Amino acid sequence: MALDIVKLGFSLAGILIMLLLPPYLDGIARRVKARLQYRRGPPLMQTWYDLQKLFALPSVRPTKSALFTWAPYIALASAISAALLLPYGNVVPVDFGFNLVVFFYVILMVSVALMFAGLSVQNAFSHLGSAREMQIVLTVEPLIAVLYGVLAYNAGSLNIADIIANLHATPSVILTYILLAYALYVESGFVPFDIAEAEQEVIGGPLTEYSGRLLGVFYYAIHIKRFTLLWFFVSLLTLPWLGPIGTPGRAALALALQFILTVSFYPVIAALEATNARLRIDQVVKMNTRAFFAGIIILAMAFMGW
Amino acid sequence: MVGTKDLEAHFEFECKACEDGRCSKADVESILAERKGLKDFYEAFKEHIRECKRMTYGQYMFVIDREVLPEAVLWWHNHPKFKETHMSTAVGTDERPLNGHFAYMPFLNVQVEPFKMDENYWVFLKVYTPADDPSFPSVAAKLPAALWIEREVKDLLGFKPVGHPDPRRLILPEDFPDGVYPLRKDMDYRHSPITEPRTEYRETPEGTTLVPMGPVHAGVEEPAHFRLFVKGEKIVDVDYRGFYSHRGIEKTGEGRLTYNQVLFLAERICGICGYQHSVSYAMAVERLADVEIPDRARYIRTLLLELERIHNHLLWVGIAAHLVGYDTGFMHAWRIREPVMWLVERLTGNRKQYGMNIVGGVRRDLLDYRKEEVLKVVKEIREGTKKFLDIALNTNTFIKRAEGVGILPYKVAKAYSVLGPTARASGRKIDARLDQATKTAMAYHEVDFKVPVYKEGDVLARVLVRMDELFESLWIVEQLIDQMPDGDIFTPIGNLPEYQEALGFTEAHRGEVVHYVMTGEKNKVYRWKVRAPTYNNLPAVPEMLKGYHVADAPIIIASIDPCYSCTERVQFVDVETGKVKVLTEAEFNELSIKYKGVF
Amino acid sequence: MAEAPSHSEKLKSWDRMKVEGFSKKAPVTTPYPFTDIEKPPEFRGIPHINPEKCIGCGACVQACPPDALIMEWDKEHGVKRLTYNAARCIRCARCIEVCPTGAMEPTTRFEIATDNKEDLVEVVEHKLAYCEECGEYLDFTERQIEYVRNILPKEIFDAYALEDRIKLTQEEKMRRTVVKLRELESNVYPAFMLVEKGKEKKGGEE
């Protein structure tokens with residue numbers, strides 16, 4: 001039972017991190033961007049304050065469609081369940097057979113919810129945003145699937161914990177990491193890939209018609225999704241190479257490492273965001289297609305055992 | 001030389017002294033010989049010219065029959081030798097109290113040789129229409145540059161451009177009652193809006209969806225309504241409905257205000273190029289009063305105009321960066337711009353709305369120790385901008401969004417009379433600073449600078465034109481400080497001559513600003529027409545948008561540096577919308593009399 | 001536009017970086033409105049009427065483009081009211097330029113946001129001069145008359161005649177002129193003209 005308590009403890013820590021950290025990460029990003037722009041920037045808590053304000057406000061519903069009301073909650077639930085599939089230290093809160101596949105789908109659900117939310121209202125900008133989201137998803141998800149395939153083939157498993165335990169360094173895995181960084185960045189929707197929600201072009205895209213609490217929930221879901229993708233990447237980057245993690249002490253160390261890397265990667269992302277303009281959808285589609293073919297080559301390399 | 005005052009015989013519709021279109025009071029032959037091309041025009045339209053005269057230095061007026069108006073405008077516009085000649089705009093006037101007729105007057109910026117201000121000139125083609133039939137053949141059917149202005153005079157004065165391809169409302173709101181024409185002198189202020197507004201949007205073409213950009217949109221800073229008809233993300237066609245920020249400025253200027261008060265109203269037409277409007281207006285009044293202003297005043301005006309250009313170009317490049325999601329560029333451009341605002345605040349007393357002008361000169365002198373400060377700021381800006389451009393133009397994503405987007409070919413630019421940097425990016429060699437005689441109010445002919453011209457016509461070219469211009473402006477400022485003459489800063493004007501017309505113009509950072517002023521009695525303004533450069537540039541935007549992505553729309557629209565409040569100055573004050581004090585003409589007069597009677 | 005040397009020195013030494021706490025290095029922004037901000041001495045803020053110097057001539061009212069300054073007469077109570085409304089003011093400072101006594105004073109104040117519009121209004125009331133002859137108030141204020149007395153060169157004007165007539169209404173002045181003329185030229189002007197003129201004057205505006 002002692003082990004279970006440790007597991008419970010790590011799971012709780014993971015859940016706390018996953019729920020509380022994402023808005024702070026956004027706060028860090030805002031501060032970093034502000035400094036790059038020679039501004040003072042808001043306090044770290046600012047994203048929390050924003051969410052707090054939005055949660056307290058009622059939403060205006062432009063349509064009777066239930067989808068419109070439920071989409072933010074579906075997105076939030078998907079983002080949270082995706083985060084639960086990831087390892088915190090050596091503990092995966094929800095651990096079962098093919099959870100990499102589930103992770104893939106559950107993360108996708110956030111985008112799908114956003115897309116359907118946009119399509120549930122009669123608004124040209126929402127529709128445009130949804131169409132853009134769809135185009136991005138359709139081009140980047142095959143790439144991600146291929147990359148997951150490389151990892152799964154390399155480790156011989158479709159379970160995230162198993163993959164982490166059994167991954168061994170080959171050229172194909174290293175290339176996969178590079179491409180995965182790109183793919184996850186695109187999926188997170190940071191500038192220059194924030195095309196679906198572009199403020200100046202389609203005034204928020206699928207979020208155009210949202211307000212108040214529902215908008216807050218959507219934002220929260222998007223922050224958690226971004227955090228989840230980053231945490232996933234950081235886990236892949238660190239945990240396989242730490243050696244066997246048996247004791248709770250080492251696990252705590254691993255968790256700390258994950259945490260520190262996540263927090264320190266965010267400013268890098270913010271800097272990338274701050275120094276780029278937004279791309280156009282056709283440009284992104286072209287880039288994603290190229291990356292997809294590169295992914296196929298890597299997959300072939302992996303099959304050949306490199 | 002024939003003085004302006006010698007060339008009277010104004011406002012007699014049928015100039016009785018004129019036989020065969022020759023005015024006996026003025027020596028037509030000598031007027032026609034002053035500039036190239038005038039004589040040819042006179043020969044070509046001899047039977048239809050009723051009167052010809054010189055309004056002031058470099059501004060010529062022909063009173064012609066209304067039947068030949070399109071031919072006459074096109075004769076100038078398509079002149080084989082004067083390539084960059086364009087129809088600037090037109091002005092409609094209710095001259096019924098004077099001579100029982102309406103007057104419609106397109107005017108052209110005739111460019112004999114680009115950048116030679118003593119050879120180029122303005123041509124005004126005035127047609128009189130009877131009061132009961134204010135119609136004239138439409139120029140717009142053949143020349144898109146006249147599209148808007150003819151819709152405007154139709155709205156505001158009730159003129160009828162016969163054969164206009166798009167006779168919808170342009171300026172008046174949808175709920176404005178029919179048959180009420182705000183700029184007519186007998187206009188009654190008591191009309192209230194009709195209950196059911198009629199929208200006159202163009203039908204959505206088959207197979208396209210409508211994306212309404214505006215009236216309020218994050219990518220457009222002011223209210224403007226672009227209706228994009230798209231297939232997927234591609235823009236097929238565009239409809240524009242604007243004039244939401246329309247304030248009745250021209251009408252206000254014609255009512256109660258004296259000519260010096262109008263100056264401050266003129267400055268408030270635009271929050272960005274206010275000083276350009278102020279100088280243009282002051283220049284128009286100075287031209288028609290025929291006064292020379294002191295050299296020092298001319299230099300100070302030029303200095304401020306160039307400082308305004310510098311900070312506005314930086315402002316624009318910031319907004320362009322913001323619209324493609326490059327917020328760091330936006331913030332830094334505005335950071336670099338701030339010292340200019342501070343400098344101007346110290347030179348004039350305000351960051352914007354300098355309030356420096358008065359008809360006849362300027363109000364504050366440039367104290368000597370401030371010269372150092374100007375030079376210091378110029379140096380700072382030059383370094384900062386260089387660094388900024390280094391980074392911005394090496395940002396791959398920024399260039400990707402600007403290059404090859406929103407291309408405006410030279411021919412389209414000329415047909416729409418596109419102005420300023422937008423035109424220069426499409427290869428048009430125009431710049432009102434040098435093209436026309438700005439020497440009476442500004443000092444551009446005494447400094448040395450280049451006018452950058454690019455051929456590509458895309459958004460990137462417009463960025464580069466503006467940035468090159470910015471560096472030229474810095475160089476102009478340095479020269480002005482160096483050459484600043486001593487002396488007075490103000491010439492008193494006294495009373496204005498009655499019923500004289502003249503044009504004032506400057507090259508704002510968006511293109512040529514034109515103020516047409518016709519004086520009335522007692523130092524009031526009878527007709528004041530403002531044409532901001534966006535008025536000519538905006539109709540060309542639909543042409544730029546076609547074939548590009550919805551995502552490009554904000555940056556393409558912004559690439560002409562649109563200013564809606566300048567463009568839409570004229571709206572009539574609504575009786576129902578309380579806030580603004582609305583008075584009948586009689587009440588207006590009563591009030592002004594009341595305040596006059598103090599002495 | 002000469003300025004006093006001390007003011008000029010003040011202008012020269014004023015440094016925004018020091019006063020407003022701006023810096024060239026990041027961050028370049030200041031936490032305004034949580035800090036105070038001082039505008040340079042050249043800044044054209046909202047003007048302020050100095051009631052001690054104001055004579056109620058209304059030159060500012062004539063010059064003001066947006067009607068921020070308004071003048072009203074209350075002949076019943078013998079009051080001329082000059083109202084300045086900062087909410088309408090465009091800060092062009094024309095009133096400061098035209099004021100003959102320097103009563104319109106420039107300030108560098110620019111933060112005029114308020115939840116009570118009354119705060120933005122300045123009212124100066126002047127006592128109108130009283131014509132003892134006809135028992136009516138004049139169009140001019142007492143201070144205007146005082147000012148005129150001071151600026152008129154004593155050598156040129158007939159001081160007694162001035163004293164006699166300066167406090168009379170227009171009608172009374174005319175009446176006196178007619179009476180005088182009548183005395184001089186023995187009834188050249190018939191009496192009905194006097195009555196007519198008086199009526200006309202009352203009804204119409206100047």
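Let's start with one helix, α9 of chain A, residues 212–238. It has 27 residues and reaches 39 Å from its first C-alpha to its last. That is close to the 39 Å expected at 1.5 Å a residue; the expected span is 1.5 Å times one less than the number of residues. Helices here are DSSP runs of H or I, at least four residues, and strands are runs of E, at least two, numbered from the N terminus.

A word on the model. It is predicted, so local features need pLDDT of at least 70 and side-chain atom pairs count only at pLDDT 80 or more, while totals for chains, interfaces and linings use all residues. Residues are numbered from 1 along each chain as its sequence is written, and chains are lettered from A and ligands numbered from 1 in the order in which they are written.

Next, where the chains meet. The contact takes 22 residues from chain A and 29 from chain B. Contact means C-beta atoms, placed from the backbone, within 7 Å. On the chain A side, α5 (124–155), α8 (199–202) and α11 (281–303) each supply at least two residues. α8(A) gives the most, with three. By type, that side divides into twelve nonpolar, five polar and five charged. Nonpolar covers Ala, Val, Leu, Ile, Met, Phe, Trp, Tyr, Cys and Pro; charged is Asp, Glu, Lys and Arg; the others, Gly among them, are polar.

Domain 1 puts 26 residues into the contact, domain 2 puts in 25. On the domain 1 side, β1 (49–56), β3 (86–95) and α5 (147–157) of chain B each supply at least two residues. The largest share, four residues, comes from β3(B). That side holds 13 nonpolar, eleven polar and two charged residues.

Last, a sheet in chain B. Three strands form an open, antiparallel sheet in the order β8-β9-β10. Strands pair if DSSP finds at least two bridges between them. The edges are β8 (209–213) and β10 (234–241), each pairing on one side only. Five bridges join β8(B) to β9 (residues 225–231). One pair to look at: B:Met213 has B:Phe226 in β9(B) as its bridge partner.

Methods. Contact = placed C-beta atoms within 7 Å.
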